[in-house]
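Please look through the sequence and the structure shown here. The paragraphs after them go through the chains one part at a time.

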Amino acid sequence: MGYALNFNLIWRHFDKLWGGLLLSLELAVISIAIGIVIGLVLAVWYVSAGRTVRAIIAAYVEFIRNVPLILLVYLVFYGLPTVIDIAYSAPTSFVLTLSVYSGAYLVEVFRSGLEAVPRGQLDAGKAIGLTPWQRLLHVRLPTMLRITLPALSNTFISLFKDTSIASVISVPELTYGAQWINFNTFRIVEVYLVTTAMYLVTGYALLFALRLVERRFRAAR
Amino acid sequence: MLSQILYAVPFLAQGFAITLWVSLLVVVLSLIAGVLLGVGLVYGPAPLRWAVRIFSDTIRGIPILVLMFFVYYGMPAVGLHLQSFWAAVLALTLFKTAQVVEYVRGAVGSIPKGQSEAAMAIGLTFRQRLTYVIFPQAFRRFLPPWINGVTDAVKGSALVSLLGITDLMQAINQVIGRTYEAMPLYILGALVYFAVNYALSLASRRLERRFSFIRE
């Protein structure tokens, strides 16, 4: 039984894949932006907080990290509106989920980054008379961001791949587009070859670009 | 509400058993394949190294969901007919194998070159060098990230629900379809996944501490 590759139908519906890819990137960018805010706030809070707050933040991090993303996506989209009076579209619901998800990973990244800031820098900040707030803003956070940049770009790329889970709640991103073409044209091998290539090229292009940024901002040794 | 959920517990337990069974299969199969390919990546001839490198970088560069659909829907087109259960296991195993390859590369690569050279100097064969010198040391570096990665396999197994396999995730969705008790059931499911994975990550952390005496 032979299978002849025929990409014509894929190109005819390529807008589904291309639009899907753009939406995937958009979802990943918005989610990591919100995730960074969550991560930064909680990490800074964590290192200066008492035992109770630390326990709560740790519980959030551990919970999110140990539950499948697909379950969180269902929980937020189908579960949450049944107990609290909110209504949101599938993309909004997914962005909310992925933000909270990435936030949990980023708290860990930022927390270890804050701890890696050399003690001498903080002492130097104190010695030139900076207030604690100024030390955080001008000494600790910039250095921490440089240290954590590689982990941050890895998180972003893995979030980009995680956006494929949005297809389970019919968000028309790249994987959803691929499934649509799969079910409507049955050019199965072709559509997944093209989709795989699109994920690979985008993912490695992002990796390459982010490595350049990292090199530019690499923490001084 | 509670009685409806209690009524569903045996069904959910069956789903949970499938989740564990899928995870176990994936973990064991990927361990075997990953160690073989990982050793091939470190010690193999150039064509094998390139092949493993391309395999690993490709698999790790695409979403696991896409890989699963590709394997499941694509295989009949090329004349392979697997049950959805085995198609899912195959896809998850491919994905996990690529991770194990990287753990092996990292662990074996972290053993100082002098160890290999010393073993060669006392006349050990390649296989003896691996068995008596490299593997015992690399094992301690391999174990903590690998156990930690087992949690990924358990989490990843939830995706088999999309191929219509009644694992814990699918069982939960089906019970919700009957009872409309979405929130309690999703939370119950989350707690079950959490319990399994948290236990695994605690084990990983404990091992890491235990092996932390190793210094470069």
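Where in chain B does UniProt place the feature "domain: ABC transmembrane type-1"? The unreviewed UniProt entry puts this feature at residues 16–204 of chain B; UniProt positions are given in the numbering used here, feature names are shortened, and annotations may be inferred rather than shown by experiment. This is a predicted model, in which local features need pLDDT of at least 70 and side-chain atom pairs count only at pLDDT 80 or more, while totals for chains, interfaces and linings use all residues. Residues are numbered from 1 along each chain as its sequence is written, and chains are lettered from A and ligands numbered from 1 in the order in which they are written.

Over residues 16–204, chain B is 83% helix and 0% strand. Helices (H or I, at least four residues) and strands (E, at least two) are DSSP runs, numbered from the N terminus. The end C-alpha atoms of residues 16–204 of chain B are 22 Å apart.

Within chain B, helix H6 (residues 126–156) and helix H8 (residues 182–210) pack at an angle of about 170 degrees, with their axes 8 Å apart. Axes are lines fitted to C-alpha atoms, for helices over the stretch in contact, and angles run from 0 to 180 degrees between N-to-C directions. H6(B) and H8(B) are therefore roughly antiparallel, a term for angles over 145 degrees. Residues that make the contact include B:Leu143 and B:Ile147 of H6(B) and B:Val196 and B:Leu200 of H8(B); two residues are in contact if their C-beta atoms, placed from the backbone, lie within 7 Å. The residues of this contact divide into 10 nonpolar, five polar and two charged (Ala, Val, Leu, Ile, Met, Phe, Trp, Tyr, Cys and Pro count as nonpolar, Asp, Glu, Lys and Arg as charged, and the others, Gly among them, as polar).

B:Gly34 lies in helix H1 (residues 2–43) of chain B. With 26 other C-beta atoms within 10 Å, B:Gly34 is buried, the cut-off for which is 20 or more. Not counting residues up to four places away in sequence, B:Gly34 touches B:Thr97, B:Val100, B:Val101 and B:Val104.

Chain A has nine helices and zero strands. Of its 221 residues, 38% are buried.

The contact between the chains takes 32 residues from chain A and 29 residues from chain B. On the side of chain A that touches chain B, H9(A) gives the largest share, nine residues. The residues of that side of chain A divide into 20 nonpolar, 10 polar and two charged.

Note on methods
Parallel < 35°, antiparallel > 145°, perpendicular 65-115°, else oblique. Buried ≥ 20, exposed ≤ 12 C-beta atoms within 10 Å, placed from the backbone.
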